[in-house]
Amino acid sequence: MKKKQSASGIFFSMFLRAVVVILAIVIVCLIFALVRSLIHGKSEKEGTTGNTGVVASENQSDPLLTAQKTEATTEAPQVDFGIKIAVLNGTETNGLAGAWREKLNGQGYTSVEAGNYKEVTENSKIYVLKEGKGLELSGYFAGSTVETGNFNPEDTDVDIKDLDVIIVIGTKDDILSVN
């Protein structure tokens, strides 16, 4: 013998079933969105390490990424990750040019050499040896100046032949010393 349910009992039973179904749909949608964002995030990181973009860093306190631009431009310079760069240590901190080479490699620049500069300098200097090359690099070095033209090869231990840009790192951009 079957018991008859009241109208309110039927209503609450149907209501509970509807809530369970809705929650199941929401959970499936959230799982789908999570998987999609993980796949999309992974493909973005892999796709931006080449010549198409800059890899975003998860560490926003990175001095390389938080350096202020020194010159305001109305048009953003074109980024060329294939330019040939020499990073020269113009400080007394050992390994600084190598650290900056690694930072620039991590940003997508593929041809970066490290070396030493003959003098200690306070502000970084960017020497553009080939017109229009590497102007965007000033954004990485706070207080840097950009100079076009010749660089004296006797000022460094690096062969500057065929380089597009030379960066002399000053003490203001010393990312290895604790200030």
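Author: Here is a walk through the ring pairs and their surroundings. Before we start, this is a predicted model, where local features need pLDDT of at least 70, side-chain atom pairs count only at pLDDT 80 or more, and totals for chains, interfaces and linings use all residues. Residues are numbered from 1 along each chain as its sequence is written, and side-chain values use heavy atoms, with hydrogens and water left out.

So, how do you describe two rings? A pair of aromatic rings is described by the distance of the centres and the angle of the planes. Rings of Phe, Tyr and Trp (its six-membered ring) pair if their centres lie within 6.5 Å; planes under 30 degrees apart are stacked, over 60 edge-to-face, and the rest tilted. The structure holds seven aromatic pairs. One of them is Phe 11 with Phe 15, a stacked pair with 6.2 Å from centre to centre and 20 degrees between the planes.

Where is that pair? Phe 11 sits in helix α1, which runs over residues 7-47. Helices here are DSSP runs (H or I, at least four residues), strands are E runs of at least two, and both are numbered from the N terminus. Phe 11 and Phe 15 are about one helical turn apart, because they are four residues apart in helix α1.

Now, how open are they? Buried means under 20% relative accessible area, exposed means over 50%, and partly exposed is in between (1.4 Å probe, protein chains only). Phe 11 has 52%, so it counts as exposed, while Phe 15 is partly exposed at 48%.

For contrast, look at Trp 100 and Phe 141: their ring centres are 4.5 Å apart and their planes are at 45 degrees, so this pair is tilted. Trp 100 lies in helix α3 and Phe 141 in the loop between β3 and β4 (145-148), so the pair ties together parts that are 41 residues apart in sequence. Trp 100 is buried at 1% relative accessibility, and Phe 141 is buried too, at 0%.

Ring pairs link Phe 11, Phe 12 and Phe 15 into a cluster.
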